[in-house]
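Please consider the following structure together with its sequence.

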Amino acid sequence: MRRPYRRLMSSTWWLGKPNYLLFMLRELTSVFVAAFLIFYLVQLSHLAKGTESYTAFLGQRSSFGWVLFHILALIAALYHSVTWFNLTPKVMVMYRGEEKVPPALIAGPHYAAWVVISVVILWIVLRS
């Protein structure tokens, strides 16, 4: 009896095409987002412990490395969000009668909601 054919695939298969590379980078962004969320939960726990604990925590996190991490996490979150909103029309195929709704009319409201929510959060933060 013959063994089934198993096609060999290198561990760098995703470097072969730009679309695969962008897909893998998008997936990598979730690691930065998850690391930031863990950092944020630790920060909230120090805040709950009191002023001294929170001040000590902030003092430890003012180094260049942590600032760089937060910038990378922001870039990763923005890239992840933009690619997610761009995928929305492909996933949510909508019809109006017999006509397919244009992708811009599906993704546009998502971007608009993102901008509105960001402006509201910015207003709340800058107001205090």
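The points that follow are grouped by topic.

This is a predicted model, in which local features need pLDDT of at least 70, side-chain atom pairs count only at pLDDT 80 or more, and totals for chains, interfaces and linings use all residues. Residues are numbered from 1 along each chain as its sequence is written, and side-chain values use heavy atoms, with hydrogens and water left out.

**Helix α1**

- Helix α1 covers residues 18-49, and Leu28 lies in it; helices here are DSSP runs (H or I, at least four residues), numbered from the N terminus.
- The 32 residues of α1 should span 46 Å at 1.5 Å a residue, and the end C-alpha atoms are 47 Å apart, which agrees. The expected span is 1.5 Å times one less than the number of residues.
- Arg26, Thr29, Phe39, Gln43 and His46 are buried in α1, where buried means under 20% relative accessible area, exposed over 50%, and partly exposed in between (1.4 Å probe, protein chains only).
- These buried residues of α1 pack against α2 and α3.
- Leu28 is partly exposed, because its relative accessible area is 43%.
- Between Leu28 and Ala56 the separation is 28 residues in sequence and 31 Å in space, C-alpha to C-alpha.
- Gly50 follows α1 and has a positive phi, near 130 degrees.

**Packing of α1 with α2**

- Helix α2 comprises residues 51-60, and its axis comes within 6 Å of that of α1, the two crossing at roughly 145 degrees. Axes are lines fitted to C-alpha atoms, for helices over the stretch in contact, and angles run from 0 to 180 degrees between N-to-C directions.
- On the α1 side, Phe39, Val42, Gln43, His46, Leu47 and Lys49 meet Ser53, Tyr54, Phe57 and Leu58 of α2; contact means heavy atoms within 4.5 Å.
- By class, this contact of α1 with α2 has six nonpolar, three polar and one charged residues. Ala, Val, Leu, Ile, Met, Phe, Trp, Tyr, Cys and Pro count as nonpolar, Asp, Glu, Lys and Arg as charged, and the others, Gly among them, as polar.

**Helix α3**

- Helix α3 runs over residues 64-91; at 1.5 Å a residue its 28 residues should span 40 Å, and the end C-alpha atoms are 40 Å apart, which agrees.
- The buried residues of α3 are Phe69, Ala73, Ala76, Thr83, Phe85, Thr88 and Pro89.
- Their cover includes α1 and α4 (103-127).

**Two threonines of α3**

- Thr83 is found in α3 and is buried, since its relative accessible area is 16%.
- The Thr83 side chain reaches the backbone oxygen of Tyr79 at 3.0 Å. A polar contact is a pair of N or O atoms within 3.5 Å; within protein, one must be able to donate a hydrogen and the other to accept it, and residues adjacent in sequence count only if both atoms are side-chain atoms.
- Thr88 also counts as buried, because its relative accessibility is 8%, and its side chain reaches the backbone oxygen of Trp84 at 3.0 Å.
- Apart from neighbours within four places in sequence, Thr88 is in contact with Ile106 and His110.

**Salt bridge**

- The count comes to one salt bridge, defined as a side-chain nitrogen of Lys or Arg within 4 Å of a carboxyl oxygen of Asp or Glu.
- Arg26 forms a salt bridge with Glu27, with the closest N and O atoms 3.7 Å apart.
- Arg26 is buried, given its relative accessible area of 10%, whereas Glu27 is partly exposed at 36%.
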